[in-house]
Structures are given as structure tokens and as C-alpha cells.
Amino acid sequence: MNFKKILAAAFSALLLIGVLAGCGSNTTSKTDGKSETAVKSSIEEIKKRGTVRIGIFGDKPPFGYIDANGKNQGYDVFIAKRFAKDLLGDESKIEFVLLEPASRVEYLQTNKVDIILANFTVTEERKQKVDFANPYMKVALGIVSPKGEPITSVEQLKGKKLIVTKGTTAETYFTKNHPDIELLKFDQITQTFEALKDKRGAAYANDNTLLFAWAKDNAGFTVGVPTLGGLDTIAPAVKKGNKELLDWINTELETLGKETFIHKAYDATLKPVYGDTINPEDIVVEGGKLK
């Protein structure tokens with residue numbers, strides 16, 4: 001091999017080493033002998049954007065709904081505004097993203113929202129797909145039906161249609177525990193209540209907190225099954241693996257607990273609806289911790 005060939009081969013090898021080194025330094029770093037992909041700060045991205053995107057319901061009063069003036073209102077909204085204030089210094093620096101129950105997981109996975117505050121019940125199945133913060137509310141399933149033909153037990157639903165909203169714990173519960181009961185499913189909560197009024201189903205199953213409020217405003221209906229299954233919790237959720245934002249929310253809930261803020265949210269949004277018919281301690285979780 002002559003001198004020119006040796007020089008060309010050496011130059012090619014140097015170029016290859018440089019390219020490989022450059023590629024490696026841009027994508028990974030070594031920590032304790034392990035390769036880690038660099039992750040951007042989610043909170044810094046929110047601050048740079050100037051708004052926090054929070055997924056809520058627009059058709060689930062008194063938790064998340066649009067009022068006569070086109071404003072977002074409700075228990076979840078009240079809490080979301082405080083999150084925005086403490087994170088960005090101004091409660092108006094928030095982008096409310098309206099969603100349906102079945103789209104909550106997808107909206108986090110596809111980065112359409114930063115946080116979900118839409119009556120999101122914690123379940124083992126959902127924990128595999130999103131990360132839940134500590135709870136701010138307790139809930140159970142219930143069943144509402146017409147007063148003239150009340151459903152007071154699950155057994156009465158045999159041979160009848162039960163209305164549910166897609167993507168809810170009610171749908172999951174009856175699919176798993178009572179597969180013999182026919183489910184009439186809808187995407188939107190408003191659609192389910194219309195179906196109940198139109199007698200397309202014998203009853204409607206959902207969170208009992210929602211049903212108590214709705215039945216109070218609709219005199220012809222009653223929550224014949226006030227509690228079904230076990231007691232569940234409702235919590236904020238973030239994208240799987242977003243530990244930074246998850247830790248911030250948990251710290252925030254602890255801070256809010258010191259001023260009983262969640263009770264204030266209840267008094268401002270839920271008490272006018274429930275009055276004295278419900279003990280707030282049966283719903284409110286203060287400081288992110290169950291008593």
C-alpha cells in the first residue's frame with residue numbers, strides 16, 4: 001500500500017469517528033454508567049408558552065360546564081384557576097381544553113393538554129396509561145332513573161337497557177361485573193341525560209356526585225341506587241412519566257390543604273347545588289390525603 005492510500009484510509013477513519021461521536025453527544029448522556037435521553041422541563045415549557053393547558057368538561061355541572069355567558073365554571077374549574085395562579089402568577093393564564101370522558105387519556109398522551117382536571121377517577125387500568133397526582137375528591141358510582149319507574153337495585157336492570165357514557169368507570173364496572181346487562185353508550189354526558197329523558201334506557205349510571213346534582217334539578221328523577229361498588233378517588237392527571245409536573249401538583253395540593261382551599265372550592269361551587277343534602281366530608285379530600 002503506497003503513502004497516498006494510507007493517508008486516505010486514515011482520513012476516512014477520522015471522519016467516521018467524528019460523525020459517530022457527534023451523533024452520540026447530541027442524544028444521550030452518561031449518568032452512573034447508564035445512558036439517558038435528555039428530557040426538557042415541562043414546567044419551563046409551560047412558562048415559556050405563557051399558559052397552562054388544562055382539560056376539563058364543558059357539560060358536567062356542577063364540576064365543569066359553560067355558563068350563560070360562555071364562561072367555564074364549576075368545581076374543577078375553580079381548582080384549575082388556582083393551579084394557573086400559583087404556577088404562572090395569574091389565574092387567567094390558562095387554556096381550558098374541553099374534552100369527552102373517553103378522550104382524557106388520549107389528550108395527555110398526544111400533548112393536547114398539560115393536566116387533566118375533569119372528574120378523572122383513579123383506576124388501575126388508567127394508571128398504566130397516565131400518572132395520577134394525589135386526590136382532591138371522593139366518589140362512588142350511582143344510578144338515576146325516573147321516579148315513576150325507579151331502579152333501586154342492579155338486579156332490576158336485567159332485560160333492560162342501562163345508559164352509560166363512554167370512557168367512564170360506570171361503563172367499565174358494568175362491562176366487567178354485569179356483562180348480561182345491555183349498555184346503551186354515548187360519547188357526551190348531555191347525550192346520556194337526553195336519552196334518559198326520552199326513555200331510551202331504564203336508567204343512567206355515572207358518578208353519584210353528578211347524579212345527585214342532576215336529579216335535584218330534574219324533579220321527575222331519583223338516584224335510586226346512591227352507591228354502587230367501592231369508594232373511589234378523583235385526582236389530577238399528567239402524561240405518563242412527567243414526574244416534574246406531577247411533583248409540582250402534589251406539592252400544590254399540600255399547600256392548598258393548609259388553607260382548606262378544596263373546602264372553599266366546595267362552598268363556592270357545590271354547596272349551592274347540594275345544600276345540606278350532602279356532607280362535604282363525603283366528597284372533599286383536603287391536602288391530597290384521604291383521612
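1. Let's start with the second largest pocket, where helix 2 (42–49) and helix 9 (243–257) each supply at least two residues of the lining. Helix 2 gives the most, with 4 residues. Helices (H or I, at least four residues) and strands (E, at least two) are DSSP runs, counted from the N terminus. A word on the basis of these notes: this is a predicted model, in which local features need pLDDT of at least 70 and side-chain atom pairs count only at pLDDT 80 or more, while totals for chains, interfaces and linings use all residues. Residues are numbered from 1 along each chain as its sequence is written, and side-chain values use heavy atoms, with hydrogens and water left out.

2. The second largest pocket holds about 320 Å³ of space. Its lining has 18 residues, with Ser42, Glu45, Asn111, Lys239 and Asn242 nearest the centre. A pocket here is an open set of points, on a 1 Å grid over the protein atoms alone, where a 1.4 Å probe fits and protein lies on both sides within 12 Å along at least five of seven lines; lining residues have an atom within 4 Å of a point. Points are joined across faces, edges and corners, and the volume is the space filled by probe spheres set on them. By class, the lining counts 9 charged, 5 nonpolar and 4 polar residues. Nonpolar covers Ala, Val, Leu, Ile, Met, Phe, Trp, Tyr, Cys and Pro; charged covers Asp, Glu, Lys and Arg; the others, Gly among them, are polar.

3. Now for the largest pocket, with a volume of about 490 Å³. Of its 23 lining residues, Thr123, Glu125, Arg126, Thr169 and Thr172 are the closest to the centre. Helix 4 (104–109), helix 5 (124–127), helix 6 (169–177) and strand 14 (221–234) each bring at least two residues to the lining. Which helix gives the most? Helix 6 does, with 6 residues. The classes here are 8 nonpolar, 8 polar and 7 charged.

4. Helix 9 also packs against helix 3 (residues 75–88), at an angle of about 110 degrees and with the axes 11 Å apart. The two are therefore roughly perpendicular, a label for angles of 65 to 115 degrees. Axes are lines fitted to C-alpha atoms over the stretch in contact, and angles run from 0 to 180 degrees between N-to-C directions. Arg82, Phe83, Asp86 and Leu87 of helix 3 meet Trp248, Ile249, Glu252, Leu253 and Leu256 of helix 9. This contact is made of 6 nonpolar and 3 charged residues, with no polar ones. Contact means heavy atoms within 4.5 Å.

5. Is isoleucine 115 buried or exposed? Its relative accessibility is 0%, so it counts as buried. Buried means under 20% relative accessible area, exposed over 50%, and partly exposed in between (1.4 Å probe, protein chains only).

6. Helix 8 (residues 208–217) is largely enclosed by the rest of the structure, because 7 of its 10 residues are buried. These are Asn208, Thr209, Leu210, Leu211, Ala213, Trp214 and Ala215. Their cover includes strand 4 (59–60), strand 10, helix 7 (189–197), strand 13 (203–207), strand 14 and helix 11 (271–274).

7. Aspartate 207 sits in strand 13 and is buried, with a relative accessible area of 3%. Among the residues it touches, apart from those up to four places away, are Lys60, Asn119, Thr121, Thr169 and Ile234. Isoleucine 143, in strand 10 (residues 137–146), is buried at 0%. Its C-alpha atom is 4.4 Å from that of alanine 205, which is 62 residues away along the chain.

8. Finally, some backbone points to check. Most residues other than glycine have a negative phi, and most peptide bonds are trans. The bond from proline 61 to proline 62 is cis, with omega near 5 degrees; proline 62 lies in the loop between strand 4 and strand 5 (64–66). Lysine 199 has a positive phi near 65 degrees, lies in the loop between helix 7 and strand 13, and is exposed at 62%. Threonine 260 has a positive phi of about 45 degrees, in the loop between helix 9 and helix 10 (261–269), and is partly exposed at 38%.

Conventions:
Parallel < 35°, antiparallel > 145°, perpendicular 65-115°, else oblique.
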